[in-house]
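Keep the coordinates open while reading.

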Amino acid sequence: MTTTPAAPVAELSRLLGELTAPGESFSGERLAALDEREAFPADACRALDAFGLPRYYVPAEHGGSLDDFGVVTRLLRAVSRVDLTVAAAHGKTYLGAVSTWIAGDPRRAARLGRRIREGAVVSCALTERHHGSDLLAGEVTAERVDGDGDGDGGWRLTGEKWLINNITRADLVTVLARTDPEGGPRGFSLFLVDKERLAPGALSPLPKVPTYGIRGADISGLAFHGAMLPDDALIGAPGQGLEIILKALHVTRTGCMGMSLGAGDHALDLAARFAAEAADRGTPLAKVPHVRRELGEAVAGLLLAEAAGVVAARSVHALTGEMSVVSAVAKAFVPAQVDDLVARLLHTLGPYGLTEADPHGHFAKLERDHRIIGIFDGSSLVNRNALIDQFPRLARAYRKGRLDETGLAEATDVHAPLRPFRPEALSLLSATGASVVSALPAAVDRVRDLAASGSATGRLAALAEGVRRATDGLHERMAAVRYSPRAVPGHAFGLAEQYELCFAAATAVHLWLRRPDRVDETWLRACLVKALTDLGEPVEAADRDAFDSLTDVLLSAPGTVPSLLDSLEGTAR
């Protein structure tokens with residue numbers, strides 16, 4: 001690994017700080033005006049191009065700078081900390097190109113990498129107007145056309161893709177199409193459509209779709225009218241489309257997590273500034289007890305989400321075979337936590353005028369924008385359904401203590417070098433369950449031993465033990481779930497949400513244990529209290545004081561938000 005994670009993130013953050021000045025492309029006034037007009041943030045995207053952000057969407061082996069998926073996650077987080085619309089618009093190229101990296105053809109991957117570095121925008125067209133997330137119901141067809149002696153043949157693409165981000169502005173579009181009339185898991189294939197190579201009239205854009213959030217994003221559709229594609233447009237082999245897409249989603253969800261975490265940073269920053277400046281009958285809001293407690297719990301929720309996100313991004317490299325579980329959990333959990341955080345801040349500070357005091361409507365825009373992130377790359381419902389499908393193997397793995405110890409150590413130690421990403425190791429089902437969760441009992445034992453030796457508090461050990469008990473009971477209930485395909489019982493989704501909390505709490509414990517000499521335990525106690533509270537488990541009133549400690553940290557340095565990576569790496573975000 002050659003990338004120093006903090007370096008490009010710090011440089012982009014510095015640049016964004018300059019570009020938020022009045023009149024610049026990321027200024028609050030300009031972005032608010034674009035949002036009001038539902039206009040695309042072209043200047044802001046050009047500024048990110050000039051920085052060189054597209055090269056971090058391309059793996060190093062294909063000519064780019066991507067050798068650590070945690071870096072691209074953090075870069076998108078930095079952009080989202082300023083504006084989610086810009087992050088969603090620019091980051092779509094990362095999401096759109098991954099299928100080509102996964103498919104494994106080095107020549108095509110190198111060609112796409114070169115196009116992206118030169119400025120090409122890539123989109124990914126999966127969904128259709130009448131089928132939503134049901135990819136197996138897709139009606140866009142790609143028919144094989146044999147050569148007639150005058151040409152080499154290819155594929156004829158027909159149909160409409162709809163509700164696609166960046167579809168109109170994209171130069172290239174990854175398209176999922178039915179290649180077998182009968183459909184089924186092996187009835188779909190992927191194609192990289194180069195608009196410049198299409199004959200006139202082969203496609204037509206559909207109208208922009210008005211959206212509640214990210215109003216300025218290019219969200220619309222395309223209709224293909226018997227568009228002829230060359231053979232080299234095929235990604236992978238015929239019939240592999242769904243498998244490649246599902247594996248690609250295991251990777252691209254890391255980018256969505258970065259966007260959510262950036263939105264959480266922005267929300268907390270705005271709330272902290274407001275609380276420091278506003279007052280309630282003469283008392284600064286920052287000193288009002290219930291406001292302080294709510295701010296602290298919001299910080300704990302973001303730190304818990306960050307713990308899951310950090311480990312998930314590192315797991316792309318270190319626990320690749322488990323990404324079917326890890327990515328589904330993290331993609332459902334992180335946006336949900338940030339949605340809850342935003343709602344908590346609005347509920348607490350809204351009556352005092354949080355939104356009215358914001359001249360450019362940043363908080364209201366952020367609240368609207370972030371709701372869309374939850375449906376990118378599979379909604380929370382889709383991800384939880386994917387997790388429920390693996391309940392039996394997750395329960396068995398936990399009961400047997402099955403895990404990848406080497407991969408887990410790499411995923412949870414932010415100072416450990418990451419192995420190169422191996423796309424071929426991605427799997428639709430995890431053979432080892434979730435190592436993060438299977439290793440929780442041993443991790444809790446370690447916390448207890450540290451407490452016995454005086455290196456941790458007894459309260460921390462008690463909280464960790466509470467998480468273990470909740471996780472034990474949860475796996476028993478998961479093992480008892482029985483259902484037939486397409487008839488998932490409603491209570492299973494509740495169990496999936498509980499699993500996400502146990503997973504996130506486990507990541508926090510593992511991260512703390514890897515660097516106990518450098519990390520204060522206050523943030524971990526707050527994360528465990530937050531997880532146990534959301535799980536409905538009892539927590540002592542005194543343990544909630546950890547939330548107040550986080551509020552002190554939040555308010556002590558205006559313009560910054562507490563970050564695990566700050567503590568674990570000893571660097572700025």
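The protein exposes about 21,900 Å² of surface, and carbon and sulfur atoms supply 52% of that area. Keep in mind that this is a predicted model. Of its 573 residues, 59% are buried.

Now the overall build. The protein has 20 helices and 10 strands. Its radius of gyration is 24 Å, close to the 25 Å that the globule rule gives for 573 residues, so the protein is as compact as a globular protein of that length. Along the principal axes, the C-alpha atoms fill a box of roughly 80 × 60 × 45 Å.

Helix α2 spans residues 28-37, and its buried residues are G28, L31, L34 and D35. Seen down the axis of α2, these buried residues fall within an arc of 135 degrees, so they line one face of the helix. An α-helix has 3.6 residues a turn, so residues three or four places apart point the same way. What covers the buried residues of α2? The cover includes α5 (84-103) and α10 (362-373). The face turned away from the buried side carries the exposed residues E29, E36 and R37.

Just after α2 comes E38, with a positive phi of about 55 degrees. E38 is a residue other than glycine. It lies in the loop between α2 and α3 (42-51). E38 counts as partly exposed because its relative accessibility is 35%. R281 is found in the loop between β9 (279-280) and β10 (283-284). Its relative accessible area is 80%, so R281 is exposed.

Helix α5, part of the cover over α2, holds T100. Is T100 buried or exposed? It is buried, with a relative accessible area of 5%. The cut-off for buried is under 20%. Leaving aside neighbours within four places in sequence, T100 is in contact with R108, A109, L112, L192 and I235.

F333 sits in helix α9 (residues 323-349). At 3% relative accessibility, F333 counts as buried. Which residues does F333 touch, not counting those up to four places away in sequence? They are L304, A305, A308, E500, L501 and A504. F333 can also be placed relative to V529. The two are 196 residues apart in sequence, and their C-alpha atoms are 17 Å apart in space.

Burial is found in a loop as well. V209 is in the loop between β6 (203-206) and β7 (219-229). Its relative accessibility is 13%, so V209 counts as buried. Not counting residues up to four places away in sequence, V209 touches W162, L163, I219 and S220. V209 and L222 are 13 residues apart in sequence and 12 Å apart in space, C-alpha to C-alpha.

Key. Residues numbered from 1 in each chain as written. Predicted model: local features only at pLDDT ≥ 70, side-chain atom pairs only at ≥ 80, totals over all residues. Heavy atoms only, no water. Buried < 20%, exposed > 50% of the residue type's maximum accessible area, 1.4 Å probe, protein only. Helix = DSSP H or I, 4+ residues; strand = E, 2+ residues; numbered from the N terminus. Arc of directions from axis to C-beta. Contact = heavy atoms within 4.5 Å. Rg over C-alpha atoms; globule rule 2.2 N^0.38 Å. Areas by Shrake-Rupley, 256 points an atom, 1.4 Å probe, with all protein chains shown as cover.
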